[in-house]
Amino acid sequence: GRWAPVQNLTLQYRLGYDTYGMDTRLFIPRGTPNDPDGSVRSGLRDQYLINNDLVGSLAIDAAESLALTTTLGMNHTYSREQNVDASVGDISLFTELLRGTVPAVSQNRFETATLGYFVQEQLGWRDRFFLTGALRWDASSTYGANERWQLYPKLSGSWVVSDEPFWVDGPASWLNSLRLRAALGYARNQPPVGSAYARFSLYTQDSNAGRLGLVHEGQAGNPDLRPERQREVEVGIDASLLQDRLGVAFTYYDQYVTDLLLARPFAPSTGYDDILHNVGELTNRGLELEVNTVNLDRPAFGWQSTLNYSTNKNEVTRLTGNPFSEGYRNRVEEGQPLGAWL
């Protein structure tokens with residue numbers, strides 16, 4: 001919904017609902033060489049996400065050449081996922097249903113919630129200089145109680161050089177537009193999918209000598225789990241040439257990640273396999289280049305082309321503790337790319 005109670009003030013509310021469902025079945029009939037007794041397996045997955053946004057924006061012309069836009073808002077999300085898996089073996093003839101003598105059933109459920117507040121101020125001068133500053137205060141249920149709320153600032157600016165008076169008598173004849181831009185921002189990452197409760201040590205059912213009991217799962221809980229933070233610096237140029245038939249966008253970025261979230265292995269003697277932990281720091285540096293061309297522009301036929309080129313180099317710059325492996329031989333080691341094959 002959108003509401004403008006007074007001039008220059010706009011209030012917006014957005015409600016989103018996303019859902020996903022999956023129903024799978026595997027049937028192996030009796031007499032199959034690798035499964036002579038036959039088996040049936042069924043899996044159900046149900047997932048939904050509710051998203052709420054409330055945003056207020058006030059636009060003011062502070063002077064003849066100065067425009068200010070103030071934005072305040074909040075965002076709330078809630079997601080829920082449930083998975084049920086059932087299987088049986090030694091099935092009867094002529095049946096494809098979950099009816100057999102060796103049943104196995106498992107179920108899991110994940111619930112997460114986030115809440116965020118933000119304020120943003122945008123300044124525009126003579127429709128050529130633009131400066132934007134913002135603060136966001138976010139919380140997520142996936143992190144430890146003492147680390148849940150985090151502050152993330154952002155600052156960006158751009159200069160439309162081709163709108164300057166000197167441009168008309170200069171390179172405007174061949175370079176139709178030119179914009180310079182730069183940005184500095186901080187953001188966070190959520191834990192991997194399936195780690196909604198990584199701050200707890202979880203337990204599951206198991207049996208021993210016919211007696212049912214509880215055993216802890218392989219991943220130890222981390223009550224001090226913090227969000228993975230990203231600081232990114234970005235500079236770029238946007239230009240169009242040859243009567244806007246050739247467009248070029250170039251960006252260089254430098255991303256610095258602190259509190260890197262990875263599953264660090266535990267010694268087997270502890271009784272756990274690993275723990276989701278903030279293990280160190282990581283850099284990502286690279287560039288992106290996009291070239292757009294209008295090859296033909298006629299009423300009955302048009303032809304446009306887009307060329308993209310990008311590079312990225314990452315490196316683990318600091319690691320708490322000894323190097324360790326993820327998966328088979330993917331290594332996490334200081335001075336090496338993340339997941340290097342060593």
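1. In what sense do β14 and β15 pair, and over how many bridges? β14 and strand β15 (residues 274-278) run antiparallel, with 5 bridges between them; two strands pair if DSSP finds at least two bridges between them. L261 has N278 of β15 as its bridge partner. Strands here are DSSP runs of E, at least two residues long, numbered from the N terminus.

2. A quick word on what we're looking at. This is a predicted model, where local features need pLDDT of at least 70, side-chain atom pairs count only at pLDDT 80 or more, and totals for chains, interfaces and linings use all residues. Residues are numbered from 1 along each chain as its sequence is written, and side-chain values use heavy atoms, leaving out hydrogens and water.

3. Back to that sheet: it is open, has 3 strands in the order β11-β15-β14, and the pairing is mixed. β11 and β14 (261-265) are the edge strands, each with a single partner, so one side of each has no neighbour in the sheet.

4. Strand β2 (residues 9-28) pairs with strand β3 (residues 39-63) in the antiparallel sense over 20 bridges, and R25 has S42 in β3 as its bridge partner. β3 also pairs antiparallel with strand β4 (residues 66-89), over 24 bridges; 2 residues sit between β3 and β4 in this hairpin.

5. On to the largest pocket, with a volume of about 470 Å³. (A pocket is an open set of points on a 1 Å grid over the protein atoms alone, where a 1.4 Å probe fits, with protein on both sides within 12 Å along at least five of seven lines; lining residues have an atom within 4 Å of a point. The volume is the space filled by probe spheres set on the points.) The lining has 19 residues, with N108, L202, Y203, T204 and E217 nearest the centre. β5 gives the most, 6 residues.

6. Salt bridges: there are 16, each a side-chain nitrogen of Lys or Arg within 4 Å of a carboxyl oxygen of Asp or Glu. One of them joins R231 and D254, with the closest N and O atoms 4.0 Å apart. R231 lies in strand β12 (residues 228-241) and D254 in strand β13 (residues 246-258), 23 residues apart. D254 is buried at 17% relative accessible area, while R231 is partly exposed at 21% (buried is under 20%, exposed over 50%, partly exposed in between, with a 1.4 Å probe and protein chains only).

Terms used. Helices (H or I, at least four residues) and strands (E, at least two) are DSSP runs, numbered from the N terminus.
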